[in-house]
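Here are some notes to read alongside the coordinates.

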Number of protein chains: 2
Amino acid sequence: MIDKSLRTLLWRGNKYFATCILILIGLGILARTALADPLPSWNDGPTKQAIVEFVRAATDKSSPQYVPPAERIATFDNDGTLWCEQPMYFQGFFTFDRVKALAPQHPEWKEKQPFKAVLENDLKALAAAGEKGGAEILMTTHAGMTTEEFEKIVKDWLATAKHPRFKRPFTDVVYQPMLELLTYLRESGFTTYIVSGGGVEFMRPWTEKVYGIPPEQVVGSSIKLKLEMREGKPVLMRLPEIDFIDDGSGKPVGIQKFIGRRPIAAFGNSDGDLQMLQWTAAGEGPRFMLLVHHTDAEREWAYDRQSSIGRLDKALDEAQRRGWTVVDMKKDWKKVFPFE
Amino acid sequence: MIDKSLRTLLWRGNKYFATCILILIGLGILARTALADPLPSWNDGPTKQAIVEFVRAATDKSSPQYVPPAERIATFDNDGTLWCEQPMYFQGFFTFDRVKALAPQHPEWKEKQPFKAVLENDLKALAAAGEKGGAEILMTTHAGMTTEEFEKIVKDWLATAKHPRFKRPFTDVVYQPMLELLTYLRESGFTTYIVSGGGVEFMRPWTEKVYGIPPEQVVGSSIKLKLEMREGKPVLMRLPEIDFIDDGSGKPVGIQKFIGRRPIAAFGNSDGDLQMLQWTAAGEGPRFMLLVHHTDAEREWAYDRQSSIGRLDKALDEAQRRGWTVVDMKKDWKKVFPFE
């Protein structure tokens, strides 16, 4: 009898003990979820606070600033906002590498500008070729193949090409704090779009893997496509003709064309993003506009009003005037790249 | 003591009873979910069976035909596939109503073709005005306002305009079996897109409410947009210039531009959808191509090879040759419209 009671007691004790452990584990998970920092690579301060405050207000059902999930559209520039754009736009490296890869099939390029300049890394001659020369190089390297062939060319290039300063694949040279921000927004019910001046078909092959952004949420510049039959199979040929430039005042146009809703949050880093931020700011309800200011010459680059790449001048003035959030990369980012 | 035991017994009895009820309710829900017909307005037969078989194979993880959710892209034509297109494309009714609404501001239209023809319902004179006349009417009614103003014009029109045969709002004249198909596909992890020759900004204001398809999943024809400042606020002006025609060989182009993935299922009803179905069929893995054949003159309309609206000729031959699914509206659809 005593024995039995003791067993019962022990059994009950075990049960209570097990229950207590389970409750503690549960509380632990809850606490971790509630307290975990969604932006660990951002230093504490007004920038991080502004982001977290905006997300909290837009997602808290009891907040007067609450926004239903379907309307939580956030648009991100790519070059200089999600990945680096120095010492040259990465699509520029791709383009020059393509000229070099295609050169054996074009012996005449050895003597023909603007290709000669690319083959000889003659930046002065390249600059002299101007916009017309640039367009010629662009169309030669980006048109004349099917969309599937171009996708493979981009993927093959990314698999081997290296950033000249960091000696790593270009898709490694992305900003860790911005990756965290993308994830944080998506976990808060936002849909994250890229709205970039870069070529849409240059970005789509890798944005899902690198940023978690699928092809249908990438808006960019494009050349015209044409349906053709090749051995009885339909293919889309890339034509040497500009279709759409998704930069500057083209960004609100691209947003309307491709998304059909006005973003409630927009993220950029240069004057080419100004109109996207203005368009976002002009909507009703809570809004968030952010510019990444490149202030860290040591870990990345420092440039703004005088830069030919990613110039930040008018947009910086407007941000200051209107109280938009400006990231001071040096001060606000604990870590710049994932590989640090 | 007896009283207490009885109470305990009753209490236990109640608990067991309550538990049994809960289990029965649970089983009921499970059974209903497993056995419920997702397509109640489709008659049993090879068409319905082909749809259900395709969805089962694409979504069953143990199937060799399994497709991950992100790649389950389904594209739908709109006119004649999701809603009716007789006796005239509904956007045509909108256009003519706009001419009439704008006429008081344009007294000269009383004597000026092609507007005179519209105001007098003179179809012969209208036909004589040809494509040029049509373009003039289109641009007069669809351009010259902001995107927000145009959205309001479309919504206001839909709120009052009635279909001439069914005497109901045009957004009621949609196909109940196709509404069920859209829901069934989405509940099976598909993303459903509209890919229509109709104007994208004519569709986006109502597709979410009527079809459950949000603005960002609507691909259509478009005119050019231009960012302008109006009283210090950015607006997008609709310009009288064609940007993109999303019909025929334009549909695969539109799919590539806007979605950036090839669909695994495509639904249409006319020769204008042929290339979309061919493009879909040309991909790897499981595929589903379907044409709605309008065979029911009593409940809707019967037309195909000779029709000037929604002509179904080449696509019907190709469907028969390649074994695509063809809906015989009269035979396959138990119900055509939700209001029946």
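**Notes on the model**

1. Let's start with a loop. P114(B) sits in the loop between α3 and α4 (115-119) of chain B. Please keep in mind throughout that this is a predicted model. The bond that joins Q113(B) to P114(B) is a cis peptide, with omega at about 0°.

2. Chain A is worth a look at this place too. Q113(A) and P114(A) are joined by a cis peptide bond, again with omega of about 0°. P114(A) is found in the loop between α3 (90-102) and α4 (115-119) of chain A.

3. K167(A) is not a glycine, yet its phi is positive, about 55°. You will find K167(A) in the loop that runs between α6 (147-160) and α7 (176-187) of chain A.

4. Now for the overall form of a single chain. Chain A has twelve helices and eight strands. For its 340 residues the globule rule gives 20 Å, but the radius of gyration of chain A is 25 Å, well over that value, so the chain is more spread out than a compact globule. Along the principal axes, the C-alpha atoms of chain A fill a box of roughly 105 × 50 × 45 Å.

5. How are the two copies related?

6. Turning to helix packing within chain B, have a look at α2 (residues 46-59) and α7 (residues 176-187). The axes of α2(B) and α7(B) come within 11 Å and cross at roughly 15°. Angles under 35 degrees count as roughly parallel, so α2(B) is roughly parallel to α7(B). Their crossing is right-handed. On the α2(B) side the contact is made by I51(B), V52(B) and V55(B), and on the α7(B) side by L181(B), Y184(B) and L185(B). By class, this contact of α2(B) with α7(B) has six nonpolar residues, with no polar and no charged ones.

7. A second pair in chain B is helix α3 (residues 90-102) with helix α5 (residues 123-142), whose axes come within 10 Å and cross at roughly 75°. That angle makes α3(B) roughly perpendicular to α5(B). From α3(B), the residues in contact are Q91(B), F94(B), T95(B), F96(B), R98(B), V99(B) and L102(B); α5(B) brings L126(B), I137(B), T140(B), T141(B) and H142(B). What classes of residue make up the contact of α3(B) with α5(B)? Six are nonpolar, five polar and one charged.

8. The last pair is helix α6 (residues 147-160) of chain B and helix α8 (residues 200-211) of chain B. Their axes come within 9 Å and cross at roughly 60°, and α6(B) passes α8(B) in a right-handed crossing. The contact draws on T147(B), F150(B), E151(B), V154(B), K155(B), W157(B) and L158(B) from α6(B), and on E201(B), F202(B), P205(B) and W206(B) from α8(B). The residues in the contact of α6(B) with α8(B) are seven nonpolar, one polar and three charged.

Key: Residues numbered from 1 in each chain as written. Chains lettered and ligands numbered in written order. Predicted model: local features only at pLDDT ≥ 70, side-chain atom pairs only at ≥ 80, totals over all residues. Heavy atoms only, no water. Axes fitted to C-alpha atoms, helices over the stretch in contact; angles between N-to-C directions. Helix = DSSP H or I, 4+ residues; strand = E, 2+ residues; numbered from the N terminus. Parallel < 35°, antiparallel > 145°, perpendicular 65-115°, else oblique. Left-handed = near helix turned anticlockwise from the far one by under 90°. Contact = heavy atoms within 4.5 Å. Nonpolar A, V, L, I, M, F, W, Y, C, P; charged D, E, K, R; others polar. Rg over C-alpha atoms; globule rule 2.2 N^0.38 Å.
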